[in-house]
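Student: I've got a chain open and would like to talk it through with you. Can we look at it together?

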Amino acid sequence: MVFWEGYVSDETMGTFAPIIVYWLYGGFYQLLPSLDKYRLHTKKEEKEKNLVPLCSVVKGVLLQQLVQATVAQGLFLFTSAQTSGKVEQPSILAQILQIIVAMFVMDTWQYFVHRYMHQNKFLYRHIHSQHHRLVVPYAVGALYNHPLEGLLLDTFGGAISFLISGMTARTAVIFFCFAVIKTVDDHCGLWLPGNIFHLFFHNNSAYHDIHHQLQGTKYNYSQPFFSIWDRLLGTHMPYDLLKRPDGGFEARLKKE
């Protein structure tokens with residue numbers, strides 16, 4: 001039993017809940033009062049280094065989410081058509097295992113697609129460089145991508161994770177909302193004390209900040225959960241987290 005049962009279908013929740021969560025969680029970070037003592041970059045750096053205004057970022061994210069919602073709704077309709085009658089929810093343990101499988105599948109898909117978009121000069125120049133116009137990332141810019149990248153990296157990656165894991169639409173609501181929260185957190189540009197993601201994931205806001213730095217773009221491709229592929233394939237870049245004299249932190253590359 002879930003709180004939306006009887007009001008909206010699992011398929012509808014799976015389509016729109018991640019979008020709502022994205023703007024609620026990202027907006028929460030964006031609208032928080034000054035957090036200069038936790039920022040990985042100063043406000044001045046954000047204004048000087050970023051090459052795209054916030055309004056364009058918001059428009060780009062909304063376009064990606066429109067495509068994402070269309071594909072998600074089609075995917076849910078397709079999978080529900082393959083089953084007859086009411087879908088039985090697996091046990092809690094089975095759902096946890098499905099989510100873990102989906103996490104590894106999504107990480108694998110995103111690592112190799114992401115890395116190839118950096119290695120292929122045409123794809124980087126014309127597609128992936130749009131995301132890196134945010135040299136200093138922030139929460140609501142987490143899904144600011146070229147529309148084709150959004151489709152290949154995020155939308156297809158999510159669809160493949162859903163299909164391979166075998167999860168139901170109801171379990172997918174939990175997984176995709178969690179994935180969105182993690183992605184937003186990785187791009188928030190903050191190192192907040194007690195952040196639970198920093199306790200359980202080495203791949204976090206500082207780790208991904210290294211990738212957005214100009215000297216770190218060939219490293220730390222892994223997203224959004226683990227750093228396994230970076231470590232296995234030689235693209236892992238460790239960092240030192242230093243306190244700035246004027247407040248805040250700095251993630252500084254540390255060559256292995």
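Student: How many helices and strands are there in the chain?

Tutor: Elements here are DSSP runs numbered from the N terminus, with helices being H or I of at least four residues and strands E of at least two. From the N terminus on, the order is α-α-α-α-α-α-α-α-α-α-β-β. That makes ten helices and two strands.

Student: Before we go on, what are the ground rules?

Tutor: This is a predicted model, where local features need pLDDT of at least 70, side-chain atom pairs count only at pLDDT 80 or more, and totals for chains, interfaces and linings use all residues. Residues are numbered from 1 along each chain as its sequence is written, and side-chain values use heavy atoms, leaving out hydrogens and water.

Student: What radius of gyration does the chain have?

Tutor: The radius is taken over C-alpha atoms, and the globule rule is 2.2 Å times the number of residues to the power 0.38. For 256 residues a compact globule would come out near 18 Å, and the chain agrees with that, at 18 Å.

Student: Is His-131 buried or exposed?

Tutor: His-131 sits in the loop between helix 5 (121-126) and helix 6 (147-165). Its contacts (heavy atoms within 4.5 Å), not counting residues up to four places away in sequence, include His-187, His-208 and His-212. Buried means under 20% relative accessible area, exposed over 50%, and partly exposed in between, with a 1.4 Å probe and protein chains only. His-131 has 6% relative accessibility, so the residue counts as buried.

Student: How are the rings of Phe-76 and Phe-162 arranged?

Tutor: Rings of Phe, Tyr and Trp (its six-membered ring) pair if their centres lie within 6.5 Å; planes under 30 degrees apart are stacked, over 60 edge-to-face, and the rest tilted. By this rule there are 19 aromatic pairs. The centres of Phe-76 and Phe-162 are 5.3 Å apart and their planes are at 85 degrees, so this pair is edge-to-face.

Student: Which parts does that pair tie together?

Tutor: Both Phe-76 and Phe-162 are buried. They are 86 residues apart in sequence, so the pair ties together parts of the chain, namely helix 3 (residues 54-81) and helix 6.

Student: And what about Phe-201 and Phe-226: how is that aromatic pair arranged?

Tutor: Phe-201 is buried because its relative accessibility is 10%, while Phe-226, at 22%, counts as partly exposed. Both belong to one aromatic cluster, which also includes Phe-104 and Phe-175. With 5.8 Å centre to centre and 40 degrees between the planes, the pair is tilted.
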